[in-house]
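We look at one chain as a whole, and then at its contact with a neighbour.

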Amino acid sequence: MNRLDRRRLLERALEAQCDASLSRLRAELLMETLAELGENKRTLQRDHDQLRRDAETIETQRQQLTELNQELELFSFGVAHDLRQPLVGARMLLQALPAGAACAAVDDALVEALDRIEGLLCLARLKSREFEVTTVDLSDLCERLVERQRQLSPDLRADVTIEAGLALRTDERVASLLFENLLSNAFRYGHADGKLALQVFSRPSVDGLVVGIADEGPGLSPELARRAFLPFHRAGGGGGGGGVGLGLALVDRAARRLGGAAWYEDRAGGGGCFLVRLPTAQP
Amino acid sequence: MDYSEAIAIADDVHWVGRYDPGRGLQCNAYLLHTQAGAVLIDPGSMGDFPVVFRKVLDLITPEDLRYVVVAHQDPDVVGSLPVIAEVAPEAEVVAHRETARLLEHIGLRIPIRAVPPEGGFLPLADRTLEFVATPFLHSPGAMATWDTATRSLFTGDLFGAVGAPWSLFAEGAFESQLTEWHEVYMASQQALVYSLDRLMQLDPERVCPQHGSVLVGDQVARANAHLRTLRCGIDRLVSA
């Protein structure tokens with residue numbers, strides 16, 4: 001073997017050694033990567049198992065909360081029902097006492113407590129009531145309800161416009177409760193400077209109606225609008241207007257009971273607008 | 001009309017779609033500006049994204065985008081959703097429940113609000129969006145979006161059209177392009193009539209489809225009358 005051949009042989013050996021080293025390096029890298037992937041897979045599996053356990057826990061808690069909620073509703077119905085009678089009795093006894101500021105204040109407090117109880121009983125009854133579907137003249141219903149509100153607020157200058165011909169097949173008692181509370185809310189909170197400008201109007205909706213009650217009052221802030229339909233949140237933010245904070249919760253519950261929904265929009269040009277979507281009841 | 005820019009089609013409503021003269025199927029996206037944030041309707045494909053989002057950003061900042069409403073889950077409608085989810089993390093996707101079920105497979109980083117089959121509402125401070133299911137037109141979970149403030153009905157593939165020439169607002173005899181699209185993509189005449197009956201109760205002032213042209217005024221009634229007569233989808237299957 002001459003010198004050139006030895007050199008070529010050495011070069012080939014060197015190349016082979018390099019190739020072997022590279023292959024070893026690649027293999028080591030591959031093993032490391034596989035080990036990392038394996039670890040990642042185990043971590044993911046652990047996370048996945050944990051998530052599944054969390055989901056099962058949440059579902060169990062949801063069921064427990066649903067049951068607890070039903071119990072609480074029954075309890076509140078029972079308490080409200082049992083409290084009403086002694087409070088009515090207390091009011092009657094109060095009338096036997098000599099009239100005075102203190103008596104009037106106690107009577108006001110009793111009336112508010114009875115209003116709250118009535119609201120709670122209404123909320124509870126809505127769930128269990130069976131429907132009686134008829135064609136309800138909503139325009140006429142609103143006219144009658146507005147008249148009642150006018151009598152309750154004789155000092156308010158109320159300019160009310162009601163769209164004619166609003167009619168829908170639905171349950172009249174639930175619809176009546178719904179609009180009574182919507183209009184009562186408007187008369188309590190929708191006025192400015194002793195003047196109420198109210199519009200009852202409709203918008204087309206698929207297989208039903210959207211009815212709106214718009215006022216030119218102060219309207220609701222986004223925060224109040226978000227919570228307006230929750231029980232014990234007053235649409236007026238708690239200031240003025242009276243009310244026990246159940247009216248819009250009743251509206252929401254009644255709308256859902258009828259298969260619809262209730263929500264709030266700002267009125268274009270200022271003021272507020274409460275809307276309900278009521279589907280036509282199927283025969 | 002300069003289609004390279006966003007175009008106002010109603011009060012606080014812009015067309016932000018992409019017009020590509022090289023293709024027969026144009027994609028319309030719409031942006032609604034409300035006091036509760038902006039709403040993007042049918043954002044379009046990945047290929048449409050640069051054009052659509054440039055127009056969106058000419059009108060709002062990404063943080064202003066609160067809702068992305070999608071009529072169904074096809075790539076020409078939702079292809080750009082993963083990127084939108086990255087650049088507009090405050091946004092929430094709104095889709096029919098059957099569409100939301102499929103969108104979950106994309107793995108979006110933003111929440112998906114599922115609209116039940118009986119429909120739903122999205123109050124937005126100064127207006128409300130109503131969602132109406134349009135089953136099998138053409139997807140089982142297809143839905144239309146009704147803007148109460150402008151009486152605009154966003155219909156996704158329904159009222160869509162294909163072919164050239166194209167204009168943002170329908171012109172002349174537009175019915176043949178409606179036919180070409182609906183005969184192929186809509187499930188059946190029965191499905192069409194069912195949803196048209198319900199949607200026409202809304203008496204829309206304009207119809208804004210994801211493909212084709214915006215229909216205004218009596219064009220809506222013309223399109224409705226035309227579509228009701230079409231045999232499409234499975235109606236056209238003929239056994240050997």
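Chain B has a radius of gyration of 17 Å, which agrees with the value near 18 Å that a compact globule of 240 residues would have. Please keep in mind that this is a predicted model. Along the principal axes, the C-alpha atoms of chain B fill a box of roughly 55 × 40 × 35 Å.

**Fold and packing**
- You will find seven helices and 13 strands in the secondary structure of chain B.
- Taking the contacts in chain B with a separation of 6 or more, 65% are between residues 24 or more positions apart.
- Buried residues make up 56% of the 240 in chain B.

**Surface and charge**
- Chain B has an accessible surface of about 9,600 Å², and carbon and sulfur atoms account for 53% of that.
- Its side chains include 17 positive and 31 negative ones in chain B, with the centres of the two sets 4 Å apart.

- The size of an interface is often given as the accessible area lost when the parts come together.
- For chain B and chain A, the area buried between them is about 1,100 Å², with 53% of it from carbon and sulfur atoms.
- Within the area that chain B buries against chain A, 38% is supplied by B:F121, B:A125 and B:Q201, more than by any other three residues.
- On the chain B side 15 residues take part in the contact, and on the chain A side 13 residues do.

Conventions: Residues numbered from 1 in each chain as written. Chains lettered and ligands numbered in written order. Predicted model: local features only at pLDDT ≥ 70, side-chain atom pairs only at ≥ 80, totals over all residues. Heavy atoms only, no water. Helix = DSSP H or I, 4+ residues; strand = E, 2+ residues; numbered from the N terminus. Rg over C-alpha atoms; globule rule 2.2 N^0.38 Å. Buried < 20%, exposed > 50% of the residue type's maximum accessible area, 1.4 Å probe, protein only. Contact = heavy atoms within 4.5 Å. Areas by Shrake-Rupley, 256 points an atom, 1.4 Å probe, with all protein chains shown as cover. Lys, Arg positive; Asp, Glu negative; His and termini not counted. Charge placed at Lys NZ, Arg CZ, Asp CG, Glu CD. Buried area = accessible area lost by both parts, 1.4 Å probe.
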